[in-house]
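Please consult the sequence and the coordinates while working through them.

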Amino acid sequence: MLHLNHSPTKKNKNNNNNNNNMEPTITNIFNLLTEELLYMILDHLDDDPFVRKSFSEVCKSFKSLESNHRRALKPRRLEFLPRTFHRYPSISRLDFSLCPCVDDDMLDSVSLAWSSSLRSINLSGSRTFFTHVGLSSLALNCSNMVEIDLSNRTDLTDSAAKAIAEASNLERLSLTRCKSITDMGIGHIAVKCTKLKSVGLRWCIGVTDLGVGLIAIKCKDIRSLDLSYLPITEKCLSHILLLKHLEDLVLEHCLGIDDEGLANLKASCKSMKEPLKESIAPIHLSYS
């Protein structure tokens, strides 16, 4: 007679279960890190956009972290930009220098999507597609805007300057080669943007002593001022001397100011740093 005893089998199963329970559990180390630490890791990846992209593709939580933490955006193709409005809700620096076809509708969409976060925008690479209408949307909707770069827009007129003036918290403004803007437009900016600390008017050949004087009188916190290639004379120097915080003054090719005027300016403006003592030379002079 054959008798089968199944108890050893049960014992083996129990042993196997015990062995399985004793196996170490593999833990994802990133689950132990706080969001603040992960954000610090992301900050070290800012220099390489491809690395940030790889980070966001690891898993859904990483994608969410990267999306919420991203502050700067430099688009190359405008047709894909609307997709980023929801993915990146906290953009503060927007660089359009690689997008020559930014128009008023795009600026309006940007101003609505990032109205509370956008602080800086670079439009120096854009051509003649946007006007004062788009700039007005930016200025009115983005109340935290502190920096605008409109360099190389030779077609922009005083109406554009008037629109920019609505950004009352503006601290840095570059109008390099905006040759159609005159003293009237600069006057609008000077009266309303009194918090300006850095102003670039290089090659704004429509701006004269009057416009420079208005900037100096109304914007008392100016620290950096580029007046290169402007048709100005010594008349505006008396107003520039009133700028107590001025550190960097660029006067390249200002043929209406002679050596005596420059010597008086340098001697009287005590806030400017000495070139030999500081790494940044405050006064740049060039005659040709």
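**Exercise 1.** Is Arg153 buried or exposed?

*Solution.* The model is a predicted one, in which local features need pLDDT of at least 70 and side-chain atom pairs count only at pLDDT 80 or more, while totals for chains, interfaces and linings use all residues. Residues are numbered from 1 along each chain as its sequence is written, and side-chain values use heavy atoms, with hydrogens and water left out.

Step 1. Apply the classes of relative accessible area: buried is under 20%, exposed is over 50%, and partly exposed lies in between (1.4 Å probe, protein chains only).

Step 2. Arg153 has a relative accessible area of 1%, so this residue is buried.

Step 3. Identify the partner. The side chain of Arg153 forms a salt bridge with that of Asp155, at 2.5 Å from N to O; the term denotes a side-chain nitrogen of Lys or Arg within 4 Å of a carboxyl oxygen of Asp or Glu. Asp155 has a relative accessible area of 32% and is therefore partly exposed.

**Exercise 2.** Determine how many salt bridges the whole structure holds, and describe the pair formed by Asp95 and Lys74.

*Solution.* Step 1. A search of the whole structure gives eight salt bridges.

Step 1. Helices (H or I, at least four residues) and strands (E, at least two) are DSSP runs, numbered from the N terminus.

Step 2. Compare the accessibilities. Asp95 is buried at 19%, whereas Lys74 is partly exposed at 42%.

Step 3. Complete the surroundings of Asp95. Its side chain also makes a polar contact of 2.7 Å with that of Ser97. Such a contact is a pair of N or O atoms within 3.5 Å; within protein, one must be able to donate a hydrogen and the other to accept it, and residues adjacent in sequence count only if both atoms are side-chain atoms. Not counting residues up to four places away in sequence, Asp95 touches Leu73, Lys74, Pro75 and Asn122, where contact means heavy atoms within 4.5 Å.

**Exercise 3.** Which residues are linked with Arg172 in a network of salt bridges?

*Solution.* Step 1. Arg172 pairs with Glu171, their closest N and O atoms being 3.8 Å apart.

Step 1. The network consists of Glu147, Glu171 and Arg172.

Step 2. Arg172 is partly exposed at 33%, and Glu171 is partly exposed at 23%.

**Exercise 4.** Which residues have the most contacts inside the largest nonpolar core?

*Solution.* Step 1. A nonpolar core is a set of buried Ala, Val, Leu, Ile, Met, Phe, Trp, Tyr and Cys residues joined through side-chain atoms within 4.5 Å.

Step 1. The largest such core has 66 residues, and Phe96 and Leu175 have the most contacts inside it. Helix 8 (residues 158-164) gives the most to this core, with four residues.

Step 2. Beyond four places in sequence, the residues touched by Phe96 include Leu78, Leu81, Met106, Val110 and Ile121.

Step 3. Turn to helix 9 (residues 183-192), whose buried residues are Asp183, Gly185, Ile186, Gly187, Ile189 and Ala190. These buried residues pack against helix 8, strand 5 (172-174) and helix 10 (209-218).

**Exercise 5.** Where does Gly256 lie, and which residues does Gly256 contact?

*Solution.* Step 1. Gly256 is in the loop between strand 8 (248-252) and helix 12 (259-268), and is partly exposed at 37%.

Step 1. Leaving aside neighbours within four places in sequence, Gly256 is in contact with Ile232, Thr233 and Glu234.
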